[in-house]
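Please keep the structure open beside the text while you read.

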Amino acid sequence: MSRESALVSADWVEEHKSDPGVVLIEVDEDVSAYDAGHIAGAIKLDWKEDLQDHVRRDFVNKEQFEALLSDRGVASDDTVVLYGGNNNWFAAYAYWYFKLYGHGDVKLLDGGRKRWELDSRELTDEVVKREATQYTAQEPDLNIRAFRDEVGEAIGVKNLVDVRSPDEYAGRLLAPAHLPQEQAQRAGHIPTAANIPWSKAANDDGTFRPDDDLKQLYADAGVDFGKDTIAYCRIGERSAHTWFVLHEILGQANVKNYDGSWTEWGSLVGVPVALGDEPGKA
Amino acid sequence: MCGAKQGGLDLKGVDIDKEAVIQGQVLRGDEPVGGAYVRLLDSTGEFTAEVPTSATGHFRFFAAPGSWTLRTLAPKAEPVDRQVVAQYGEVAEVAVSV
């Protein structure tokens, strides 16, 4: 993968949004953003209602994913262009999801909703309804998804990248600062994880920084590009953003997103936790 | 949940003794600016959080006690930085002009 194949610009979207075989999808945590105004022709996915199992803590499975996309009118051979609020966190999470289920052609709109809005580009509240399809997904590609046991074994061995804010990493906060504090039983980070906040990979307007800056960012923080990498955050959406940077823009092999992330690790009994601003020892 | 919530001034359900709340309104002249983006940067300038403003231009953060910078991005405006100090038991109110 590369920046050219994984990212599209707002100008590209303006030009191609009505092309047959191109499906724009807005993915937000707060879907009222879509309802108030979205890019013309875009459908919406709710990262929680649509993409999470409603009983267990897990994704929708292959059959649920197929049923969802069939119902929304997305075909297996469509070019799917994802964008959203929160600097594309949830859009990147959905991108990772589409890749996990083997969708061939999927792209992210650079800068997401924010850059689009700051450019004063057009949004519409018109209802979009696409003809139902017969979507076929592939078996989940677990080469891009990490589970807790593998994360434990990666301590001191693989690159662990904690993409939360420095205060969450150090254990001074349990959640992002725009939300009431809640969730994991313990604060801190997985020992040996480097703290490279997702935000360092993006400009203020939500677009991704140039490749050379990105490589420098991770190298300076101690990421060894010769090793496998696991990224995590609190619930796996900010780390999907970093997974996108490492795997899709920079083309690194063997990068996984640990979607259990801190809400799982910080609540497990008996696992090692490091506090403070340093990575800590294995 | 890990996403942005629209801001507002209603403190119902918020225990301000346990939260260091920073909130306010983005204005252009006397007009509220909805759909602006307010970023919360920590004392080292590191990004901590971001919310879009509500239709009435309001925003809110649950921060930690300490010094913060609010950086506001709005269409057709240069970014505006404002310094603010947050503490438990008090709501820091900030008006931002773009």
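1. In this predicted model, strands E3(B) and E4(B) form a hairpin with 5 residues between them, and in that turn B:Gly45 has a positive phi of about 90°. The two strands run antiparallel and are joined by 5 bridges. One place to look at along the pair is B:Arg39, which stands opposite B:Glu50 in E4(B).

2. How many residues does each chain give to the contact between chain A and chain B? Chain B supplies 26 residues and chain A supplies 29 residues. On the side of chain B that touches chain A, the elements giving two or more residues are strand E3 (37–41), strand E4 (47–52) and strand E5 (58–63) of chain B. E4(B) gives the most to that side, with 6 residues, and by class the side has 16 nonpolar, 3 polar and 7 charged residues. E4(B) is also mostly covered, with 5 of its 6 residues buried.

3. Turning to chain A, please look at its open sheet of 5 strands, which has parallel pairing and the order E1-E5-E4-E2-E3. Strand E1 (7–8) and strand E3 (43–46) of chain A stand at the edges with a single partner strand each, so one side of each is left without a neighbour in the sheet. Strand E4 (residues 79–83) and strand E5 (residues 105–109) of chain A pair in the parallel sense over 4 bridges, and the bridge partner of A:Leu82 in E5(A) is A:Leu108. Helix H5(A) lies across strand E2 (22–28), E3, E4 and E5 of chain A, and runs at about 170° to E5(A).

4. Which residues touch the most other members of the largest nonpolar core? Of its 72 residues, they are A:Leu82, A:Ala94, A:Tyr95 and A:Leu108. Helix H5 (residues 89–100) of chain A gives the most to this core, with 11 residues, and the core draws at least three residues from each of domain 1 (3–140) and domain 2 (143–265) of chain A. Apart from it lies another core, of 22 residues, among them A:Leu118, B:Ala36, B:Phe62 and B:Ala63. As general background, nonpolar side chains tend to be buried together in soluble globular proteins.

5. Leaving aside neighbours within four places in sequence, A:Leu108 is in contact with residues including A:Ala6, A:Leu7, A:Leu82, A:Tyr83, A:Tyr95 and A:Phe244.

6. Chain A is divided into domain 1 (3–140) and domain 2 (143–265), and 23 Å separate the centres of these domains, taken over C-alpha atoms. Where they meet, 20 residues of domain 1 of chain A are in contact with 18 residues of domain 2 of chain A. Helix H1 (3–6), H5 and helix H6 (112–118) of chain A each supply at least two residues of the side of domain 1 that touches domain 2. H5(A) gives the most to that side, with 8 residues, and by class the side has 11 nonpolar, 4 polar and 5 charged residues.

7. Is A:Tyr258 buried or exposed? A:Tyr258 has 26 C-beta neighbours inside 10 Å and therefore counts as buried, the cut-off for a buried residue being 20 or more. The place of A:Tyr258 is in the loop between strand E9 (255–257) and helix H11 (261–265) of chain A. The C-alpha atoms of A:Tyr258 and A:Arg148 are separated by 7.6 Å, although these residues are 110 residues apart along the chain. Leaving aside neighbours within four places in sequence, A:Tyr258 is in contact with A:Ala146, A:Val151, A:Ile230, A:Ala231, A:Tyr232, A:Gly236 and A:Ser239.

Terms used:
Residues numbered from 1 in each chain as written. Chains lettered and ligands numbered in written order. Predicted model: local features only at pLDDT ≥ 70, side-chain atom pairs only at ≥ 80, totals over all residues. Contact = placed C-beta atoms within 7 Å. Nonpolar A, V, L, I, M, F, W, Y, C, P; charged D, E, K, R; others polar. Buried ≥ 20, exposed ≤ 12 C-beta atoms within 10 Å, placed from the backbone. Pairing = 2+ DSSP bridges. Core = buried A, V, L, I, M, F, W, Y, C linked by C-beta atoms within 7 Å. Domains from an automatic or database assignment. Axes fitted to C-alpha atoms, helices over the stretch in contact; angles between N-to-C directions.
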